[in-house]
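Hi,

Here's the structure I promised to pass on.

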Amino acid sequence: MPSPFVLISRREVLRGLGAMLAMSPLPGQAAPSVPVPNPDKLARLTAFFDHEIAARKLPGAVVLIQQHGKPVYQRCFGWRTAARRHAMTPDTIFALHSMTKPITSVAAMMLIDEGRLALHDALSKYIPAFARVKVGIETTRHGKPALKLVAPHRPVTIEDLLRHTSGITYEYIGGELIMAAYQQAHLFAGRFDNAVFADRIARLPLARQPGTLWRYGHSTDVLGRVIEIVSGEPLYAFLKQRLFDPLGMTSTGFVLRTEAERARMAAVFPADTVLVESERQRRAHPEWQSGGGGLLSTVTDYARFAQMLLEGGVLDGRRYLSPAAFKAMTTDQIGPGSSVERDYFYFPGDGFGYGYGLAVRVEPGEARPPAPGSIGELKWDSGSGTYFGVDPKLDMIYILMQQTETERGRVVPMFKKLVYDAFAVSD
């Protein structure tokens, strides 16, 4: 069966690509005079993380910059454990949190590529409980706040899950009544898998009408359940067969399987209470394969995934996404003409649009000075401070692995600035 993207390429793929392609080389191909990193400026990156470790702001971190398919900078800083007993190593395992989302999204795009799933399929086709979902509108009744439930203007689609326009939110994002509904639903109570979790979410009101607002939430967790239904396998089994094994991502999964793997896990400072609780919850629910935030991985493994994206969905001669599917995934799907508004919590950031599971840079942005980077750059990060970027213009990927919620808002922007300072480029 031909890829369905062949049929939708004009509408779904080519929109907005002209400017991007005019300014960037094809994925995996270097421009005629691509800058190389300055060793003296890379030393500033080293000095920054050395200081962070010495000041006990971070337990440890691993940084990788790879250009033309080869590492040009790889350093391990600090310690795997908060007690500083074991030095950080390249094979240290980190909780990816939301850097899981691009992997799950690629898996869904593979199924779409094969014609087994479609962007405009109603979610209820796969999870019937979503046929009864309502939209919650916060209003007042008799002078008191009230949540009015109305029918959605259209069904939630697979595309909505991929681009975070489903109306599904997180329990800490949105209006007070929506957040209260999520918190009172006890989404994480007892033992549950993706099937149970998706059914619990389906009982909750959508925070907005589908297709109208980019809002972060459990959309990718629900997408993970759709992948299970379509493939007939648990999410991890599908990811392992189709992505992890072929890519050589041998240390990536939802649980630590051996004592040796447990010893390689990066810890957080006890005072970093948000991540401490998150890790406690993760270990308490090994049966939940969260497509939105549950994977564990190493910098080496994630570099294989990122390099595949840099090369346009291909690595070592094996194609994972068709050219059209890759273009659709890395094209701004919520930009002008999409009728999608941006939430106050618009995590792609200034100058970035959002494709299917990835932020894509479409302009320098309005900040002064503009954030460093290149038009066409892809990225995503997480609440634990992990971050990765894919820059076709520089034929480069860069990855930061760390475990900090308290310091990530400061460390991640500085990390990216120092990376691009080393190449002495910005758009």
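**What I found**

Keep in mind that this is a predicted model. I started with glutamate 261, which sits in helix α10 (residues 259-263). It counts as buried because its relative accessibility is 9%, under the 20% cut-off. Beyond its neighbours within four places in sequence, glutamate 261 touches Ile93, Val255 and Leu256.

Then there's the sheet. It is open and antiparallel, with seven strands in the order β2-β1-β15-β14-β13-β12-β11. The edges are β2 (70-78) and β11 (352-354): each has a single partner strand, so one side of each lacks a neighbour in the sheet. On average, neighbouring strands are turned by 15° against each other, direction ignored.

At the β11 end, the pairing with β12 (residues 359-361) is antiparallel and runs over three bridges; phenylalanine 352 has arginine 361 of β12 as its bridge partner.

At the other end, β1 pairs with β2 over eight bridges, and glutamine 66 is bridged to proline 71 in β2. The hairpin of β1 and β2 has two residues between the strands, and histidine 68 takes a positive phi near 55° there. On to β15: β1 pairs with it over seven bridges, with valine 63 opposite leucine 400.

How many residues of β1 are buried? Eight of its eight. Gly60, Val62, Leu64 and Gln66 point one way, while Ala61, Val63, Ile65 and Gln67 point the other.

Finally, helix α14 (residues 408-423) lies across β1 (60-67), β11, β14 (387-391) and β15 (396-402), at about 150° to β15.

Cheers

Notes:
Residues are numbered from 1 along each chain as its sequence is written. This is a predicted model: local features need pLDDT of at least 70, side-chain atom pairs count only at pLDDT 80 or more; totals for chains, interfaces and linings use all residues. Side-chain values use heavy atoms; hydrogens and water are left out. Helices (H or I, at least four residues) and strands (E, at least two) are DSSP runs, numbered from the N terminus. Buried means under 20% relative accessible area, exposed over 50%, partly exposed in between (1.4 Å probe, protein chains only). Contact means heavy atoms within 4.5 Å. Two strands pair if DSSP finds at least two bridges between them. Axes are lines fitted to C-alpha atoms, for helices over the stretch in contact, and angles run from 0 to 180 degrees between N-to-C directions.
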